[in-house]
Amino acid sequence: MVVAPPKTKTAKKEAQETSKYVGQSVKRREDPRLLTGRGTFVDDIKMPNMHHAAILRSPRPHARIISIDPSKALAHPGVTTVLTGAEVGDKSLPFPVGVVAPFKYYSAAVDKVRYVGEPVAVVVASDRYVAEDALDLIEVEYDPLPPVVKPEDALDPDAAILHEELGNNIGCHRELDYGDVDGAFAEADLILKERFVFPRYSSLPLETYAVISDHDATTGVVTVRSNFMGPFSMHAVTARALNIDENKLRFIVPSDIGGSFGIKSSIYPYIVLISLAAIKAGRPVKWIEDRQEHLLASSCQTDRVAYREVAVKNDGTLTGIKSKVIENVGAYLRAPEPACTFRPIGNFVGPYKVQNVRIDAYDVMTNKCPTGPNRGYGCQQIYFEQERMMDHIAEELDLDPIEVRRRNLIPAEEIPYTTPMGGIYDSGNYQKGMDLVVEMSQYEKLRQKQEEARKENRLFGIGIATGIDPSVSNMGYITVALPPEVRAKPGYLPKSGSAESATIQMNQRGKVSVSMNTTPQGQGHETVVSQIVADELGIRPEDVVVIDEFDTAKHGWFISSGTYASRFASVGTSAAVLAARKLKKKIIRLASALLLVSEDDLVIEGGTVVSKSDSEKSITVKRVAGTAHWNLELLPDDIEAGLQARAVFRFPSNVAPDSQDRVNSSNTYGFMAEICVVEVDRDSGEVKIIDWFSVHDAGTVINPMLMEGQIYGGALHGIGGALYEELSYDDEGQMLAGNFMQYVCPTSVEAPKLNIGHICSPSPLTPLGSKGAGESSTETAPAAVASAVADALRPLGININELPLNPKKVWTLIHEPQPENN
Amino acid sequence: MDNQYRSIKVTVNGEEYHRQVEPRRLLSDFLREDLDLSGTHVGCEHGICGACTVLFNGQTARSCLMFAIQADGAEITTVEGLAIDGQLHPLQQGFWENHGLQCGFCTPGFLISAYELLERKPNPTEEEVRIGLSGNMCRCTGYKQIVDSVLDAAEKMRS
């Protein structure tokens, strides 16, 4: 029953025998260049006459800028120019953002600093060392203001206000109501409540932000090379802030990005800042963020406090949820925030059948770094809360935690299933997934082991978590941040959908190249596209050249382009399939004209187009291609010369939110079920993961080896967040995790091995049946760890409602009495 | 400020380089910027992430924590020096076969650390590989496929 990903070597052999590549663990074509040090990352690019920027940053969480004097820096040998925050205020516009709150966010502090690390000035110099020397020569005088740090403090009427024009610290507030919540609670047999705290952490790519900006004063075009990874809706936001037309802002993204996990979508304020510096310097300017800058002032997910209340029947059926959420988006609510709150709106209930849901959501601003997309965006928080409540229900009703979840899973026969919030689960079999993880883990035996461990006074816990993995965001979901009456105004442009394109061409000798613009960050897109195109055209992957470099001036692209929200396996691959099919159709059409045989009668076999009814009639694909390029005389008038095809894939099921705030926020929805086994060391507070079982349904798997890599990487981000990683601040708003000694990431020693199982419910919405998988276990791992640690500590009467569960916190829970509200 | 340039002679991947450097120039910047060997990556500049690891007179060193002038007279191997005559080193081959890399940014450092590990311990256990690589951070892979890659390469290098 356990479907292990095939080993590379076997898979390769099979692939050669059957000539079918989708579903095989084809080795990555990206690897040889990366293994020999020949990749192209932004910092590897040098431009003629290029100078280097360093950024002066605020040491204070909240202060008014009294004065800033760059004169000594300007006089320093080697310094080209200095750009101050005041100039940023003059030369650029505030960033647009999809909420009604009227605060202003610029790429540097104009008159007030609002978080430690906020840019205050930029030095451009001939060399980075000199630029950094000159930072020390800029004199800034601050008038300190009281800070606001914690999410709930931001709502305190006596709290300091970050943006005076707003009158409070609330960037967005929505009350969403689905079904009959009051009815469900009135009829409940049991009502449970809990307060949850979810920490601020980041999937933290190893390559930091990198920007090279070049302004052509003769045309006004600003060309930016960066490791931005989409969504390209942020291109529009960047152009607006620079106050230039979008066609004069050219984004180029090289073939290699050193990881992102969502974090690099928030690089765009730095693109504006460095572009302003480049305009002022009159030459290309490069800025490479250092690690401390990244930890202080790039991006991360929100920290949040949530209150959850559930209505339950005596049989364990969950009938209603009330959720109050306070998301801390940091000093400025920065686009695409407040998407953290709304991205998972369609899948808020996970795989459970509950119909009645009320969400009271606040996005508050505090003196912390602004937030943005981070792998799992918004999902790990809701699944943490959801799954802890499932455990509470089990405990309260004396049911097994697996059984409680089973009783609430949406039955397979009801899929496609529409959630009360409007999400449409396209395919799945959640019972089957749960059965598989229980079988793999030998759950009953695990419970026996636990019993034995408890007899020996050991803290042994079994955690369970399930979740729905949403992929390919419907760009309209973010507009749920606006009240329906705003969305209903006559001048308002509704937003919906998600699209991607691929371009393919065959040269005169029949060889194929494909151009993608998916901004991969390590996911192996070039390899996957070669597999797909090889299958579609009946050729070998090695005969397909794939280029994946983004250039807004050269490619057809979309607001939704980029690789985020697990888009590629659903939408990018589908565009590649459609482009290959379009090319194939054109080859057949041209062959039909050349052979005088109807198109229906023609097939491509082994590089030859041949008539099904008369095998004498045939022409090689190479000759068709040669004709299309060299001998246009033979082409019918209605056939374009050459053999190029561009195809666009978009999902039909994406519409803008309705007046009831219902929206199908994503397109394909995968499933995961986790069982995590831990032992807690009573004396040190250390949580040791003993075993892990992880079941996934991502529809058709195109390359099992790559998917295994995604599951492992994703799970470790979730585990890191649950056990080690935290971008912590003190009560005064000072950042406490400014380097890798304080921001603790798991290494190979801490990383557990996973037992992975697969089920496959192909998506009916994509040509290959594939769904995204890149975020899956990132979303469920924190919940699974929390569930396991809570289970381990249950004999001590300890509850878990807060992460991370680092040794200090766990030790304190075990050894020190808890305050009332814990 | 002492920005007097100093002459140094460094052998990198078997080739001898003579350059003038500022005393404060980091070895990582020297390799990347002055010698155009951009395969060595910089991930933290405080010696934790290990992306910038090179072989310095046969031993691993963080090139972000050394000055170029400290390398005067030294022999250095970077990721560019592992493959010989276009033939991937067994470690590079192992990483390729076992999906030991995703974005590839940390990979040069892992390869160099694994190189030293296998020189010292040609037949490591899985636990020894995990401990041996614990000075290098990877944010993409969850490490499992990296460990598989090194064990696979070790086996091939022994036979």
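**Exercise 1. A hairpin in chain B**

Find the bridge partner of Lys9(B) in strand 2 of chain B, then work out what joins the two strands.

*Solution.* Step 1: look across from Lys9(B) and you land on His18(B), its bridge partner in strand 2 of chain B. Step 2: zoom out to strand 1 (residues 6–12) and strand 2 (residues 15–21) of chain B, which pair in the antiparallel sense over 7 bridges. Here strands are DSSP runs of E with at least two residues, helices are runs of H or I with at least four, and both are numbered from the N terminus. Two strands pair if DSSP finds at least two bridges between them. Step 3: check the turn. The two strands form a hairpin with 2 residues between them, and Asn13(B) in that turn has a positive phi of about 50 degrees.

Before you go on: this is a predicted model, where local features need pLDDT of at least 70 and side-chain atom pairs count only at pLDDT 80 or more, while totals for chains, interfaces and linings use all residues. Residues are numbered from 1 along each chain as its sequence is written, and chains are lettered from A and ligands numbered from 1 in the order in which they are written.

**Exercise 2. A strand under cover**

Is strand 1 (residues 51–57) of chain A enclosed or open, and why?

*Solution.* Step 1: count. 7 of the 7 residues of strand 1 of chain A are buried, so this strand is largely enclosed by the rest of the structure. A residue is buried if 20 or more other C-beta atoms, placed from the backbone, lie within 10 Å of its own, exposed if 12 or fewer, and partly exposed in between. Step 3: find the strands it pairs with. Strand 12 (residues 285–288) of chain A pairs with strand 1 in the parallel sense over 2 bridges, and His51(A) stands opposite Val285(A) there. Strand 5 (residues 119–125) of chain A runs antiparallel to strand 1, joined by 6 bridges; Ile55(A) has Val122(A) as its bridge partner in strand 5.

**Exercise 3. Into the core**

Which residues touch the most other members of the largest nonpolar core?

*Solution.* Step 1: know the term. A nonpolar core is a set of buried Ala, Val, Leu, Ile, Met, Phe, Trp, Tyr and Cys residues joined through C-beta atoms within 7 Å. Step 2: pick the residues. Of the 307 residues in this core, Ala53(A), Val123(A), Ala277(A), Val533(A), Val785(A) and Val789(A) touch the most other members. Step 3: ask who contributes. Helix 18 of chain A gives the most to this core, with 14 residues. That helix (residues 568–595) lies across strand 19, strand 20 and strand 26 of chain A, running at about 140 degrees to strand 26.

**Exercise 4. A four-strand sheet**

In what order do the 4 strands of the mixed open sheet of chain A lie?

*Solution.* Step 1: read across the sheet, and you get 21-20-19-26. Step 2: spot the edges. Strand 21 (544–548) and strand 26 (644–650) of chain A each pair on one side only. (Angles run from 0 to 180 degrees between N-to-C directions, and axes are lines fitted to C-alpha atoms, for helices over the stretch in contact.) Step 4: look inside. Strand 19 (residues 499–506) and strand 20 (residues 512–516) of chain A run antiparallel, with 5 bridges, and Ile504(A) has Val514(A) as its bridge partner in strand 20.

**Exercise 5. Thr141(B)**

Why does Thr141(B) count as buried?

*Solution.* Step 1: locate Thr141(B) in the loop between helix 4 and helix 5 of chain B. Step 2: count its neighbours. Thr141(B) counts as buried because it has 28 C-beta neighbours inside 10 Å. Step 3: name what it touches. Leaving out residues up to four places away in sequence, Thr141(B) touches Gly709(A), Tyr712(A), Gly713(A), Gln102(B) and Ile146(B). Contact means that C-beta atoms, placed from the backbone, lie within 7 Å.

How values were computed
Contact = placed C-beta atoms within 7 Å.
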